[in-house]
Amino acid sequence: MMKNDVMERLNQRLQSYIPASISAPNEEALYAAESIYGMPKKEADEYKLKAIRYIFRHHYDNNKFYREICREHDVSPDAIKSIDDFSKIPLLPHRFFKDYPSGRDFAVWLANLMSVELPKITIPQKNPTFDEVIDSFQKAGITVCYSSGTTGKFTFIPRDEQTYRMGQYAIARCAIEMLPEWWDYESYAYLLFPNPKKTNLYVGKVTNVLSDLVKNVDVALDRKITTELLRIAMGVTFTFKEKMMSKIARSTSKKRNETMVANILRWLEERDKNRDRIIFAGAPFILNAVMDKLAEEGKTYEFGKRGAVLTGGGWKIYEDKRLPVADFRKKVEETLGIPPEHCLDLYAMVESNGFLVHCSKGHYLHIPTTYFHAMVLDEEGNEVAYGEEGRFAFLDSLAVSYPGFISTGDKVKIHERCPACGREGPVLEPEVERIRGEEIRGCAEEFRRIIMEE
Ligand SMILES: [Zn+2]
């Protein structure tokens, strides 16, 4: 089968992300499963049951605060015998990960979140900033990823090496399973996110794997991005100096933005001339700006099936404007000649290692079937029926270093099967929204503020 051949090539490329011996059930669900999205339900459910039971026991045994929550709910690992019992697993509200103290207490807070033995972490500063704590954790092998909402509050998630490695493998695997005939290592990628080497912003960190997936990677935003810079970009300033920084950032952003678009246009011209395979991966608003510029110049390209677009992080393109994904696909086809079946969106968040990717047929968001369990909840926290809307929640077996049993602030609609393609397992409607009253987030949003502020 052609598809298996692709997976074989992919695993060769991603060898450094795969452990030498696969033994734990969550590793089996990720690495040994033949397909993340395409397996018969019975087989996928077997992987899933083992993986989630395993990881629930792990957090119960190794995480003091989570075990206390379980005791309050009167649930122990022995209570989880089938997938029907998954609803007994206590969920953490997403706000929990936003409720952090500052200074050295921030380090203690992070450490208490973790379900793995901590390496020795040395923090030289007396009263460290968030970025200094994050750097100290990184030196000890813990990658603290974050994203931020519009109010300047962050969500912090500590990932140990195993969790981070599995997350990167998972995003690559999930993306390529949906774009198997496009993928070839000898391609050119434009990452429409910050440079993974220069930030701990989650969208940057998780896309680090792109440079192992594709031979040539260019990056749209090559500056170092810290929590401090992000907060100031969000307009949350504490001192006179920060107010000035915020002002200067706003006044120079137009120029920076133009330079970024010009760089991408040059890249496109070059790739077209050499008939290269290309992919744009990242924030849709940047590609939208590029396409607007092309339209202004009356220019189009015909990349056809040599091209692909994988968007992620949210669909706000201007302050209040949201671009419907179907319109975006049409624009991509008209401007770049990349067909809609190669233009997919990916739904993910800093708290999880589950990657929901559009299928090429109907552009429904497919939920990983082997290592991840999704739920849609009503206001009381009970699961809604298929076809209904509610709050997205999940159980993530790849989250080893923190309990990945989380209810989010996103509103989704779930279907028992994909109305468009033959894959088994539930899917979400193509577009996800924030629940009213939840602050606007989306990984592209914070990034948009850094470079698009007028
Ligand atoms: Zn589908």
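**Close-up views of a predicted model**

**View 1. Helix 2 and helix 3 cross.** The axes of helix 2 (residues 25-32) and helix 3 (residues 41-62) come within 7 Å of each other and cross at roughly 140°. Axes are lines fitted to C-alpha atoms, for helices over the stretch in contact, and angles run from 0 to 180 degrees between N-to-C directions. Helices (H or I, at least four residues) and strands (E, at least two) are DSSP runs, numbered from the N terminus. The structure is a predicted model, in which local features need pLDDT of at least 70 and side-chain atom pairs count only at pLDDT 80 or more, while totals for chains, interfaces and linings use all residues. Residues are numbered from 1 along each chain as its sequence is written.

The crossing of helix 2 with helix 3 is left-handed; this term applies if the near helix is turned anticlockwise from the far one by less than a right angle, and right-handed applies if clockwise. On the side of helix 2, P25, N26, E28 and A29 take part in the contact, and they meet Y47, K48, K50, A51, Y54 and I55 of helix 3. Two residues are in contact if their C-beta atoms, placed from the backbone, lie within 7 Å. The contact of helix 2 with helix 3 comprises six nonpolar, one polar and three charged residues. Here Ala, Val, Leu, Ile, Met, Phe, Trp, Tyr, Cys and Pro count as nonpolar, Asp, Glu, Lys and Arg as charged, and the others, Gly among them, as polar.

**View 2. Buried residues of helix 2.** P25, N26, E27, A29 and L30 are the buried residues of helix 2. A residue is buried if 20 or more other C-beta atoms lie within 10 Å of its own, exposed if 12 or fewer, and partly exposed in between, with C-beta atoms placed from the backbone. Their cover includes helix 3 and helix 7 (161-178).

**View 3. The buried side of helix 6.** Within helix 6 (residues 130-139), the residues F130, V133, I134 and F137 are buried. They lie on the same side of helix 6 because they cover an arc of only 100° around the axis, the arc being that of the directions from the helix axis to the C-beta atoms. An α-helix has 3.6 residues a turn, so residues three or four places apart point the same way. The cover over the buried residues of helix 6 includes helix 5 (104-113), strand 2 (143-148), strand 3 (154-159) and helix 10 (227-233). I134 counts as buried because it has 23 C-beta neighbours inside 10 Å. Leaving aside residues up to four places away in sequence, I134 touches V144 and N200. After helix 6 comes G141, whose phi is positive, near 90°.

**View 4. Strand 11 beside strand 12.** Five of the six residues of strand 11 (residues 372-377) are buried. Strand 11 pairs with strand 12 (residues 389-396) in the antiparallel sense over six bridges; two strands pair if DSSP finds at least two bridges between them. V376 has F392 in strand 12 as its bridge partner.

**View 5. Two loop residues with positive phi.** Most residues other than glycine have a negative phi. R275, which is not a glycine, has a positive phi of about 50°. R275 lies in the loop between helix 11 (240-273) and strand 6 (278-282), and is exposed, with 8 other C-beta atoms within 10 Å. H363 has a positive phi near 55°. The loop between strand 9 (356-358) and strand 10 (365-366) holds H363, which counts as buried with 23 C-beta neighbours inside 10 Å.
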